[in-house]
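Please consider the following briefing on a protein model.

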Amino acid sequence: MEFMLDTANLQAIERFTQAFSINGVTSNPSILKKEGKIDLYAHLKKIRTMIGMEKSLHVQVVAKDFDGMLKDAEAILENVDREVYIKVPVNEVGLAVIKELKKRGVNVTATAIYTQIQGLLAIHAGADYIAPYYNRMENLNIDPQFVISSFAEEIHRTNAKTKILGASYKNVAQVTTSIDCGAQAVTVGVDVVEQFFAHPSIEKAVEDFAHDFEEIHGVNQTMSSKLSM
Ligand SMILES: O=C(CO)[C@@H](O)[C@H](O)[C@H](O)[C@H](O)COP(=O)(O)O
């Protein structure tokens, strides 16, 4: 599994990279908006410095037409670095852009995927990652499990290099279900990452162990103190 952070918040990236071996950071204009009026490229470069060149950084184009999207892509590659994965929404123009970017040897993440046909076409166009929007699909009564499984089958059947990057999660079960359905990668926002260890039994176990240790060895004793049983 590849695990990515779906945030552009520098503190969150710093915090979670201590605990998790992340594979990358994903963003979109709405995620970047949460950081306020930032100097866009300086901010993205800071993220790159924090995660290093060996992790993937995904940045989305904003233009809606073919030439505009290609110009956006070129600006991102120029101003951040040439390893960035350019995120392109999968519609008719987006697919043409994906094909063109792949012809130019650019890393591409096909995004805003709600339907089976969008993902299948993006695999066919040679996208490196395809990002199905799990929670948004559920909201629309589209079955994300069926759709992700079908992408996994298609990738297997055609020996495609594309990886499924599950996105738009609102709870932990959606993340683990995506992986069960064959997603090779997931990108998870801060609110859901914070739920990973929110189960009360985890904290209770830690507290109980500490309490039992303290009862035998006394308060303020640690494993590195001189201890007797
Ligand atoms: O597509 C990717 C990664 O490629 C994500 O950054 C993706 O844009 C986000 O997960 C979604 O837009 C967030 O969706 P939501 O939380 O607003 O439903």
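Asn159 is exposed, at 67% relative accessibility, where exposed means over 50% relative accessible area, buried under 20% and partly exposed in between (1.4 Å probe, protein chains only). Asn159 sits in the loop between helix H8 (144-158) and strand E7 (163-166); helices (H or I, at least four residues) and strands (E, at least two) are DSSP runs, numbered from the N terminus. This is a predicted model, in which local features need pLDDT of at least 70 and side-chain atom pairs count only at pLDDT 80 or more, while totals for chains, interfaces and linings use all residues. Residues are numbered from 1 along each chain as its sequence is written, and side-chain values use heavy atoms, with hydrogens and water left out.

**Backbone with positive phi**

- Most residues other than glycine have a negative phi.
- Asn159, although not a glycine, has a positive phi of about 60°.
- Asn220 also has a positive phi, near 65°, and is placed in the segment after H11.
- Asn220 is exposed, with a relative accessible area of 72%.

**Overall architecture**

- The protein chain contains 11 helices and eight strands.
- Its C-alpha trace spans about 70 × 40 × 30 Å along the principal axes.
- Of the 229 residues in the chain, 45% count as buried.
- Contact means heavy atoms within 4.5 Å; among contacts between residues at least 6 apart in sequence, 55% join residues at least 24 apart.
- The accessible surface of the chain is about 12,700 Å², and carbon and sulfur atoms account for 53% of that area; the areas come from the Shrake-Rupley method with a 1.4 Å probe, and for residues only the protein chains shown count as cover.

**Nonpolar cores**

- In soluble globular proteins, nonpolar side chains tend to be buried together.
- A nonpolar core is a set of buried Ala, Val, Leu, Ile, Met, Phe, Trp, Tyr and Cys residues joined through side-chain atoms within 4.5 Å.
- The largest such core has 57 residues, and those with the most contacts inside it are Ile86, Ile98, Leu101 and Ile130.
- Apart from this core lies another, of five residues, among them Met4, Tyr85, Tyr129 and Ala185.
- Beyond its neighbours within four places in sequence, Leu101 is in contact with Leu70, Ala73, Ile86, Val88, Val106 and Val108.

**Helix H5 and its surroundings**

- Helix H5 (residues 92-103) has 12 residues and reaches 17 Å from its first C-alpha to its last.
- That span is close to the 16 Å expected at 1.5 Å a residue, the expected value being 1.5 Å times one less than the number of residues.
- Gly94, Leu95, Val97, Ile98, Glu100 and Leu101 are buried in H5.
- The buried residues of H5 pack against helix H4 (66-79), strand E4 (85-89), strand E5 (108-113) and helix H6 (116-124).

**The loop residue Val84**

- Val84 lies in the loop between H4 and E4 and is buried, at 0% relative accessibility.
- Leaving aside neighbours within four places in sequence, Val84 contacts Arg48, Leu57, Val59, Ile76, Leu77 and Asn107.
- Val84 and Arg157 are 73 residues apart in sequence, with their C-alpha atoms 28 Å apart in space.

**Salt bridges**

- The structure holds 10 salt bridges, each a side-chain nitrogen of Lys or Arg within 4 Å of a carboxyl oxygen of Asp or Glu.
- Lys103 and Glu100 form a salt bridge (3.5 Å, N to O); both lie in helix H5, three residues apart, about one turn of the helix.
- An α-helix has 3.6 residues a turn, so residues three or four places apart point the same way.
- Lys103 is exposed, with a relative accessible area of 68%.
- Asp128 and Lys102 meet in a salt bridge through their side chains (2.8 Å, N to O).
- This pair links distant parts of the chain, 26 residues apart: Asp128 in the loop between H6 and strand E6 (129-132), and Lys102 in helix H5.
- Lys102 is partly exposed, at 25% relative accessibility.
- Salt bridges that share partners join Glu74, Glu78 and Arg82 into one network.
- In the bridge between Glu74 and Arg82, the closest N and O atoms are 3.1 Å apart.
- Glu74 is partly exposed at 31% relative accessibility, and Arg82 is partly exposed at 46%.
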